[in-house]
Amino acid sequence: MRDPFLQAAIDEAKKGLAEGGIPIGSVLVIDGEIVGRGHNQRVQQGSAILHAEMDCFEQAGRLSPADYKKATLYSTLSPCDMCSGTALLYGIPKIVIGENHTFQGPEAYLRSRGVELNIVQDEECIKLMQDFIAAAPNLWFEDIGKV
């Protein structure tokens with residue numbers, strides 16, 4: 001049985017894909033409740049920074065440092081440098097990653113900074129990204145800053 005919070009992140013990823021965007025989703029959980037959810041909206045919003053995690057943080061709004069210290073960030077894909085940096089900035093202690101097969105962010109650095117990572121390798125997360133990368137490689141490379 002899949003973690004319901006990972007499922008919520010997957011639902012966000014599918015929402016982004018249905019909107020013509022990149023299928024990556026994220027939720028922020030505090031005390032067993034989703035306080036923020038988001039999906040990659042770089043295409044939809046013409047944004048340079050609205051990765052799923054950044055959208056999720058934005059949707060959560062201002063939180064206290066104490067709230068961030070007990071939060072868990074769920075993401076369908078290993079967070080990039082930007083999103084990982086934001087998690088570090090706010091002291092989020094745990095990140096659940098749907099998969100890091102198609103992309104791996106700075107996981108060793110996150111661990112070195114004390115962040116607990118739980119990498120699930122969820123087949124649906126992998127398939128969403130593999131199918132998207134095959135269909136739109138240029139858009140994917142733009143999203144991760146590759147030429």
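Predicted model: local features only at pLDDT ≥ 70, side-chain atom pairs only at ≥ 80, totals over all residues.
Rings of Phe, Tyr and Trp, the last taken by its six-membered ring, are counted as a pair if their centres lie within 6.5 Å.

**View 1. The stacked pair of Y68 and Y90.** The ring centres of these two tyrosines lie 4.4 Å apart and their planes meet at 20°, which is under 30 degrees, so Y68 and Y90 count as stacked. Y68 belongs to helix α4 (residues 65-69), while Y90 sits in the loop between α5 and β4 (94-97), so that the pair links distant parts of the chain, 22 residues apart. Y68 is buried, at a relative accessible area of 7%, whereas Y90, at 35%, is partly exposed.

**View 2. The edge-to-face pair of F103 and W140.** Here the centre-to-centre distance is 5.9 Å and the planes stand at 90°. Because F103 lies in the loop between β4 and α6 (107-112) and W140 in helix α8 (residues 137-144), the pair ties together parts that are 37 residues apart in sequence. F103 is buried, with a relative accessible area of 18%, and W140 is buried as well, with a value of 3%.

**View 3. The packing of helices α3 and α5.** Helix α3 (residues 52-60) packs with helix α5 (residues 81-89) at an angle of about 35°, and their axes are 8 Å apart. From α3, residues E53, M54 and F57 meet M82, C83, T86 and A87 of α5. Sorted by class, this contact comprises five nonpolar residues, one polar and one charged.

Technical notes
Residues numbered from 1 in each chain as written. Heavy atoms only, no water. Axes fitted to C-alpha atoms, helices over the stretch in contact; angles between N-to-C directions. Helix = DSSP H or I, 4+ residues; strand = E, 2+ residues; numbered from the N terminus. Contact = heavy atoms within 4.5 Å. Nonpolar A, V, L, I, M, F, W, Y, C, P; charged D, E, K, R; others polar. Phe/Tyr/Trp six-rings, centres within 6.5 Å; stacked < 30°, edge-to-face > 60°. Buried < 20%, exposed > 50% of the residue type's maximum accessible area, 1.4 Å probe, protein only.
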